[in-house]
Amino acid sequence: MRRGLICLVWSACVLLQAPSHAAQAAKKCLTDCSPRIGVVSAFGAEADLLVAQTQQRKTHVINGNRLTTGILRGNRVVIVLSGVSMINSVMVTQLMLDHFRIERLIMSGIAGGLNPALHVGDVTIPDRWVMSMEVYWSHNSQLPTGCGKPGDMSCLGLKLATGKDGQVLPPFNLTTPQGEVPTGLFMRENFVMTAKNSLAKPPGEFVFAYPVDGDMMAVASQLKPMLSQCGPAHQVGQPLDPKQCVRQQPQVLVGGAGVTGTAFLANPDYRKYLFDKLQANSFEMETAGLAHVAYANDVPYIAFRSLSDLAGGEAFDPDVVALFSSGLAEANASAVALAFLRAWRLKYPRAATSTRPSR
């Protein structure tokens, strides 16, 4: 009788707890709880290419955003178009995480080049992403003393960005025929709260460079995708058409930094500054926003960016015209994303269909 009473009480507890667990599960994935890789693209043409190759497609419209689930290169995925700008990528990425069980994130699209050694059509796979335009705007280029000591902004809830040597990164200066003109723009770190760092004292932390996931980077570093020199309309075997083809065979560059900002970069001085101070290869307007959301939610991520031009370049470049008009930009970016998904599936056969591999 006592055993029966214990079983009855235990059963009652399970029944009482069940709605709570169901509610928690619903909060983790409001639409679909199958484990998936989330793929975010900034431009519609590339997202369309990925969706077209996705099997068992199902479209979900959430707050006006179209999210497509299905199987892509053997992986369960959900694909969404963020639209241009960091605020859009942040909003759409968090929306995806709320409605689906996202095990890993991929951002894929185009970017402006910062490294003068790279060429139009090359694809960069940075190992970290930063937000260069989260700044402290001072009145000159001297270290600000907002909280009494040079470089100390803690009383304002801010932290200036530092380099590997622990020193505050120098501010951006404009170059003129009369010499450098100080702007007073100091890069700063971003405050982020996570489940882990919320237990710290004080809670939260400051982050400047958001590292790409090590497992994903290891797979990406082995990729040898077939990148095109010409757009899809160009016939194989025909002479290179400057309206359809770039002059050099595009290559994949692994490593270095990627930079995200809220401005469309058309300033060669700022391009050089970012390359010199951050060893950055590309600049665009979405990925670091996704990286911030990924970091806050403890979701591994990686990003692939096909270079569209040299950011801030003023001279006419026929390669830029060919890249955009021929469809080469989205073709090469999606080629790397597809190659990664194929390689990931081979490396981790159950990664996106059952459980997350260890990080």
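How many bridges pair S9 with strand S10 (residues 179–187), and in which sense? The pairing of S9 and S10 is antiparallel and runs over 5 bridges. Two strands count as paired if DSSP finds at least two bridges between them. Helices (H or I, at least four residues) and strands (E, at least two) are DSSP runs, numbered from the N terminus.

Before going further, a word on the model: it is predicted, so local features need pLDDT of at least 70 and side-chain atom pairs count only at pLDDT 80 or more, while totals for chains, interfaces and linings use all residues. Residues are numbered from 1 along each chain as its sequence is written, and side-chain values use heavy atoms, with hydrogens and water left out.

Back to S9 and S10. Asn173 has Pro182 in S10 as its bridge partner. Both strands belong to an open sheet of 3 strands, ordered S8-S10-S9, with antiparallel pairing. Strand S8 (135–137) and strand S9 (172–176) sit at the edges with a single partner strand each, so one side of each is left without a neighbour in the sheet. On average, neighbouring strands here are turned by 35 degrees against each other, direction ignored. Axes are lines fitted to C-alpha atoms (for helices over the stretch in contact), and angles run from 0 to 180 degrees between N-to-C directions. Helix H5 (residues 268–278) lies across S9 and S10, at about 135 degrees to S9; contact means heavy atoms within 4.5 Å.

Strand S2 (residues 55–62) runs antiparallel to S3, joined by 6 bridges, and Val61 stands opposite Arg66. This hairpin has 2 residues between its strands, and Asn63 in the turn has a positive phi of about 55 degrees. S3 also pairs with strand S4 (residues 75–81), again antiparallel and over 6 bridges. There, Leu72 has Asn75 as its bridge partner. The hairpin of S3 and S4 has 2 residues between the strands too, with Arg73 in the turn at a positive phi of about 55 degrees. Strand S3 (residues 65–72) is mostly covered, with 7 of its 8 residues buried. Buried means under 20% relative accessible area, exposed over 50%, and partly exposed in between (1.4 Å probe, protein chains only).

Helix H3 (residues 86–99) has 14 residues and spans 20 Å from first C-alpha to last, close to the 20 Å expected at 1.5 Å a residue. The expected span is 1.5 Å times one less than the number of residues. Among the buried residues of H3 are Met86, Val92, Leu95 and His99.

Now for the cysteines. With a disulfide taken as a pair of cysteine sulfur atoms within 2.5 Å, the count comes to 3. Cys29 is joined to Cys33, S to S 1.6 Å, and this link is right-handed, with 85 degrees about the S-S bond. Cys29 counts as buried because its relative accessibility is 9%, whereas Cys33, at 38%, counts as partly exposed. Cys147 is joined to Cys155, S to S 1.9 Å; the torsion about their S-S bond is about -90 degrees, so this disulfide is left-handed. Cys155 counts as exposed, at 53% relative accessibility. Cys230 is joined to Cys245, S to S 2.0 Å. Both of these cysteines lie in the loop between helix H4 (214–220) and strand S14 (252–254), 15 residues apart, and both Cys230 and Cys245 are buried. Numbered in sequence order, the bonded cysteines pair as 1-2, 3-4, 5-6.
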